[in-house]
Amino acid sequence: MQSSSYLSNALVSLLANHLSDYPDTTLIRFTNGEAPITRAAFFSTCERYCAFFQNSGLKQGDRIVVQTPKSLDSLCLYVATIMAGGIYIPLNPDFTDTEVSYYLNDSQPTIFICMLDRTNTLLQIARESNVRHIYSLGVDKSGSFYEHINSQNYEFTSVAERHEEDIAAILYTSGTTGRPKGAMIPHRALGSNASTLCKQWKFSKEDVLIHALPVFHTHGLFVATNVALVSGAEMLFMDKFDTEKVIQAMPSATSLMGVPTFYTRLLQHPDLSSAAQNMRLFVSGSAPLLAQTHEEWTKKTGHAILERYGMTEANMITSNPYDGIRKAGTVGMPLDGITVRITSEETKEEVAEGEVGSLEMKGPNLFTGYWQNPKKTAAEFRSDGYFISGDLACRDEDGYISIVGREKDLIISGGFNIYPKEIETVLDELTGVSESAVVGVPHADFGEAVIAVIVTQQEDELSQSDVANYVSSQLVNYKRPKHVAFVSSLPRNSMGKVQKNLLRDQFKTLFESD
Ligand code: AMP
């Protein structure tokens, strides 16, 4: 392994510096039987991948799109891209070919690493998007990526010189206009957020973090992974969340980061109380954690879940305190160095304590803007540099913030964000549909479920299965409606806007018994 000298560059220099701190300690343990990997071994793999990328002609600021199932390689490719001076763009492995095509066209990557079993179609799609290098990656170290990596000894020389404001990653986030937009995340935001979270949540090399989150989203890729990398903690890596596996892992772990669905499912397990004895920290975020879940958890385990709030564009923003009261139903206070204000929609002035307003923030955690979309970027910032989150919030007398609603009509199902407009656009393309409205309704397991309300051009023209078949060819499973209702017209207000609140009310008990 190289000395840490090259690691003082701005990349997530922190991240790399700390990797070289404890070379012989385990960085990742797996629950699928794979051999554990030390920090030194992980880092040397990243160096080899980095050398390969640089050898392929990757220039600073070039994009690398990666669509692979969660694996050790997902993390190596992330760190290697950053070391090579590239911009990392992870895609959900479940994205359909149509979706992948959109991301490739939008981000124009130099390199696309795709799943081996989808190579045939994705090769074609990537060529149509003029991607220069396309490599396949299979489980069991197969695919053209490995053939290249193993074809010669790629000697790592140095990490690319990067400035704090250089972009490290682009994460796509869906918009109300339907099309996902790429949030450009600079090195500064990742570095500052990782060190702040390590400090405030007291992560150290004594920790073992259960990592059961996907690694194409800010929560699993940045919050969980960067915190472990920077603090020296070990990760107990799971392909996906599995109640039984998490329960089994707890006695040899110290911490878990999850979405509320993890916690509601774990609460059903008879061994939760005993399994959780040695744990020191349970963190929840990405969607609202019900106060009831928080209370039940404390009763069963003796631990108060630490709820935090964040978003793709701003990493982590607020957190309940490590020491001190973790208030159920709140997301705590702004993290060190971050300022949050809650403003009135009308006056744009800060609202009084207890009043609901629009949550805005400023700090080193913020993204730079939307990829190739200066107009959208400008629309989301106030003139004094505050970013408008789109969330509605209020602050109590102790300074704790509660997220009370979403200005943008976002649906959060199983921790995934779903913007109705994207689904409505797909539905409206279907022959026979005259218009559609998509809303989220309460669901015991997923938090919210997607419901589609469709007005057809002629009665009985479409069946549930017509809609389901079309939607499955266009959208990843979590975005597909769990129920489709055919109606003769949509409720509208006097301004012609669809009254989604009425639809939510109409269907709110649909999944009550689930
Ligand atoms: P994403 O960009 O996918 O991370 O989603 C960000 C959005 O998730 C935020 O704007 C919030 O609406 C929501 N969110 C994240 N954390 C919480 C939380 N603890 N409570 C309520 N909503 C949350």
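Visitor: By class, how many nonpolar, polar and charged residues does the lining of the largest cavity have?
Guide: The model is predicted, with pLDDT of at least 70 required for local features and 80 or more for side-chain atom pairs, while totals for chains, interfaces and linings use all residues. Residues are numbered from 1 along each chain as its sequence is written, and side-chain values use heavy atoms, without hydrogens and water. A cavity is a set of points, on a 1 Å grid over the protein atoms alone, where a 1.4 Å probe fits but cannot get out, and lining residues have an atom within 4 Å of a point. With Ala, Val, Leu, Ile, Met, Phe, Trp, Tyr, Cys and Pro taken as nonpolar, Asp, Glu, Lys and Arg as charged and the others as polar, the lining has five nonpolar, three polar and no charged residues.

Visitor: Which helix gives the most to the lining of the largest cavity?
Guide: Leu 190, Asn 193, Ala 194, Leu 197, Phe 222, Val 223, Asn 226 and Asn 315 form this lining. Helices here are DSSP runs (H or I, at least four residues) and strands are runs of E (at least two), numbered from the N terminus. At least two lining residues come from each of helix 7 (187-200) and helix 8 (218-231). The most, four residues, comes from helix 7.

Visitor: How much space lies in the second largest cavity?
Guide: The lining of the second largest cavity consists of Ser 192, Asn 193, Thr 196, Asp 336, Ile 338, Pro 364 and Asn 365. A volume is the space filled by probe spheres set on grid points, which are joined across faces, edges and corners. For the second largest cavity this gives about 30 Å³.

Visitor: Which residue does the side chain of Tyr 370 join in a polar contact of 2.6 Å?
Guide: Tyr 370 lies in strand 18 (residues 369-370). Because its relative accessibility is 2%, Tyr 370 counts as buried (under 20% relative accessible area; exposed is over 50%, partly exposed in between; 1.4 Å probe, protein chains only). A polar contact is a pair of N or O atoms within 3.5 Å, one able to donate a hydrogen and the other to accept it; residues adjacent in sequence count only if both atoms are side-chain atoms. At 2.6 Å, the partner of Tyr 370 is Glu 313.

Visitor: How many disulfides does the structure hold?
Guide: A disulfide is a pair of cysteine sulfur atoms within 2.5 Å. The structure holds zero disulfides. For Cys 50, the nearest cysteine sulfur, that of Cys 46, is 8.9 Å away. For Cys 198 the nearest is also that of Cys 46, 17 Å away, and the number of disulfides is zero.

Conventions
On a 1 Å grid over the protein atoms alone, a cavity is a set of points where a 1.4 Å probe fits but cannot get out, and a pocket is an open set with protein on both sides within 12 Å along at least five of seven lines; lining residues have an atom within 4 Å of a point.
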